[in-house]
Amino acid sequence: MRYLATTLLKNEKLMHIARTALGAAALLGALAAPGLAAADQPIFDAKVLAAACANCHGTDGRSPGSIPSIAGRPEAILKQQLQAFKSDTPPAGTTVMNRLAKGLSDQQIDALAQHFSQISRSPSAQEVAKQ
Ligand code: HEC
């Protein structure tokens with residue numbers, strides 16, 4: 001029984017060390033990623049990035065619900081809004097965009113602003129026919 005207790009205790013310690021190491025590795029990974037991204041200017045596809053916005057802002061940035069539509073907004077405005085979310089002082093009342101925008105590089109923000117500005121606000125007759 002005593003043996004069991006010390007083994008358990010040892011395991012507990014080992015687990016703790018393992019957990020701490022894993023946590024540190026994950027943290028380092030998370031910290032290193034944006035650093036690398038900024039330095040290496042990775043190749044990214046604006047369409048893939050934009051797809052991540054569709055969940056909330058609707059397909060092609062045309063929102064059917066209460067979250068604002070972002071399709072067809074002027075590029076400069078979109079850029080400005082995303083930079084504001086990314087800044088350390090996001091607009092009052094911001095709920096999720098500050099956290100999302102923090103993960104975007106300036107190049108990605110530029111690409112996203114350009115992407116959504118080029119989509120028309122409402123679907124064309126052709127697009128409607130396809131639906
Ligand atoms: C989890 C849901 C969610 C996702 C994903 C999301 N947004 Fe948002 N977005 C919001 C909400 C909610 C707001 C209103 C501001 C807030 O509460 O953060 C908003 C606001 C905005 C605004 C300002 C619109 C306005 O008129 O005020 C822009 C621009 C924007 N989002 C762009 C994006 C882009 C680009 C992406 C993809 C990289 C994205 N969002 C992904 C939920 C989301």
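## Terms and model

Helices (H or I, at least four residues) and strands (E, at least two) are DSSP runs, numbered from the N terminus. This is a predicted model, in which local features need pLDDT of at least 70 and side-chain atom pairs count only at pLDDT 80 or more, while totals for chains, interfaces and linings use all residues. Residue numbers start from 1 along each chain as its sequence is written.

## Chain

There are 6 helices and 0 strands in the chain. Of its 131 residues, 11% are buried (20 or more other C-beta atoms within 10 Å of the residue's own, with C-beta atoms placed from the backbone). Taking contacts as C-beta atoms, placed from the backbone, within 7 Å, residues 24 or more positions apart make up 61% of those with a separation of 6 or more.

## Ligand shell

The ligand has 18 residues around it, of which Cys53, Cys56, Pro68, Thr95 and Met97 come nearest. Two or more residues each are given to this shell by helix 2 (46–57), helix 3 (75–86) and helix 4 (97–102). A residue is counted as near a molecule if its C-beta atom, placed from the backbone, lies within 6 Å of it.

Helix 2 contributes the most, 6 residues. After helix 2 comes Gly58, with a positive phi near 85°.

## Asp110

Asp110 lies in helix 5 (residues 106–117). Because 17 other C-beta atoms lie within 10 Å, Asp110 is partly exposed, the class between buried and exposed (12 or fewer). The C-alpha atoms of Asp110 and Leu82 are 9.1 Å apart, and the two residues are 28 apart in sequence.

Technical notes
Contact = placed C-beta atoms within 7 Å.
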